[in-house]
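Colleague: Hi! I'm new to this one, could you walk me through it?
Modeller: Happy to, here it comes.

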Amino acid sequence: MLQDRLAVVVPLLPLAVWVIYLGGMVYTGLILVVLVLATREYVRLFRVGGQRPAGALLLVGVPVIAGARWLPGLEPGWVLALALVAALLWHQIAYERGAPISGTDFAITVGGLVYLGWMGGYFLALRALPHGLWWSAVVFSGVWLADSAAFVAGRAFGRHRLAPRLSPKKTWEGFVGGVVGGALGTALLGSVWGLGAGPGSGVDWPAGLVLGALAGLVGPIGDLGISMLKRQTGVKDSGHVLAVHGGALDRIDSWLVVIPVGYFAVLILNGWPH
């Protein structure tokens with residue numbers, strides 16, 4: 001129910017805004033904690049399904065890969081490459097010790113390192129951009145608004161199912177509502193955040209319109225992606241960290257797709273080098 005969702009979100013919203021505003025170690029620490037929680041749930045999902053991803057390697061590798069975008073002197077690319085080599089060695093040893101499907105397990109481990117570690121690192125990369133506080137405010141607002149608009153539009157007008165096997169409750173009407181609501185709402189907030197960012201920042205209502213529309217367009221891909229994993233393994237929620245909102249992985253599924261797309265969209269909008 002909507003009131004149950006709001007009962008969890010509303011008390012956490014001021015904390016989230018404060019952490020984003022602070023940035024630095026506080027923001028980085030919170031992002032890494034959330035990624036570790038999501039990684040635990042990712043490992044659990046596949047173990048329920050009979051696979052054996054490298055849990056310990058994932059729990060270390062994901063925050064290190066993501067954190068490499070913030071720590072000076074660490075290159076995310078070579079950290080990821082090192083983690084992939086370690087994963088290959090891990091599953092070779094596991095196979096020698098009798099693991100029956102180490103090739104599949106290796107693919108799942110690699111997927112976790114890239115999906116949660118590499119993609120999750122863009123939370124930090126976005127905040128580290130010039131005017132990163134305000135760009136984070138725009139992109140994060142886009143995700144919240146698009147998700148909320150999709151939920152409301154789907155409940156009110158939903159008739160045609162978007163992906164019946166993956167998520168029977170999602171509808172095309174909700175999808176369109178998410179794109180439109182995300183675009184218009186973020187355009188409005190973009191003009192507000194632009195006042196704080198100042199002239200020359202690039203933060204304005206057209207940027208908000210673009211980023212909000214992107215959030216509505218690509219967010220469902222992330223959401224349905226986790227639904228796919230849960231359907232395959234027969235798990236209803238990835239966890240119960242946030243009560244009716246499920247686990248950490250359930251909550252950041254859209255974000256893991258939108259934040260990287262938003263990061264590169266900001267670069268393009270500003271003509272910055274990639």
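Colleague: What span should the 13 residues of helix 3 have at 1.5 Å a residue, and how far apart are its end C-alpha atoms?
Modeller: Helix 3, residues 55-67, should span 18 Å, and its end C-alpha atoms are 18 Å apart, which agrees. The expected span is 1.5 Å times one less than the number of residues, and helices are DSSP runs of H or I with at least four residues, while strands are E runs of at least two, numbered from the N terminus. Bear in mind that this is a predicted model, where local features need pLDDT of at least 70, side-chain atom pairs count only at pLDDT 80 or more, and totals for chains, interfaces and linings use all residues. Residues are numbered from 1 along each chain as its sequence is written, and side-chain values use heavy atoms, with hydrogens and water left out.

Colleague: Which residues of helix 3 are buried?
Modeller: Gly55, Leu57, Leu58, Gly61, Val62, Pro63, Ile65, Ala66 and Gly67. Buried means under 20% relative accessible area, exposed over 50%, and partly exposed in between, with a 1.4 Å probe and protein chains only.

Colleague: And what do they pack against?
Modeller: Those buried residues pack against helix 2, helix 4 (76-96), helix 5 (102-118) and helix 6 (122-127).

Colleague: Switching topic, how many salt bridges are there?
Modeller: The count comes to 2, taking a salt bridge as a side-chain nitrogen of Lys or Arg within 4 Å of a carboxyl oxygen of Asp or Glu. In one, the side chains of Lys170 and Asp223 meet at 2.6 Å, N to O. Lys170 lies in strand 2 (residues 167-171) and Asp223 in helix 9 (residues 205-233), so the pair ties together parts 53 residues apart in sequence.

Colleague: Is Asp223 buried or exposed?
Modeller: Asp223 counts as buried because its relative accessibility is 16%. Lys170, at 25%, counts as partly exposed.

Colleague: Which side chains meet at 2.8 Å?
Modeller: Those of Asp250 and Lys230, again in a salt bridge. This pair links Asp250 in helix 10 (residues 248-252) with Lys230 in helix 9, 20 residues apart.

Colleague: What about the largest nonpolar core, how many residues has it?
Modeller: It has 60, and Leu126 and Phe140 have the most contacts inside it. A nonpolar core is a set of buried Ala, Val, Leu, Ile, Met, Phe, Trp, Tyr and Cys residues joined through side-chain atoms within 4.5 Å.

Colleague: Beyond its neighbours within four places in sequence, what is Phe140 in contact with?
Modeller: Ile20, Tyr27, Phe123, Leu126, Trp255 and Ile259, where contact means heavy atoms within 4.5 Å.
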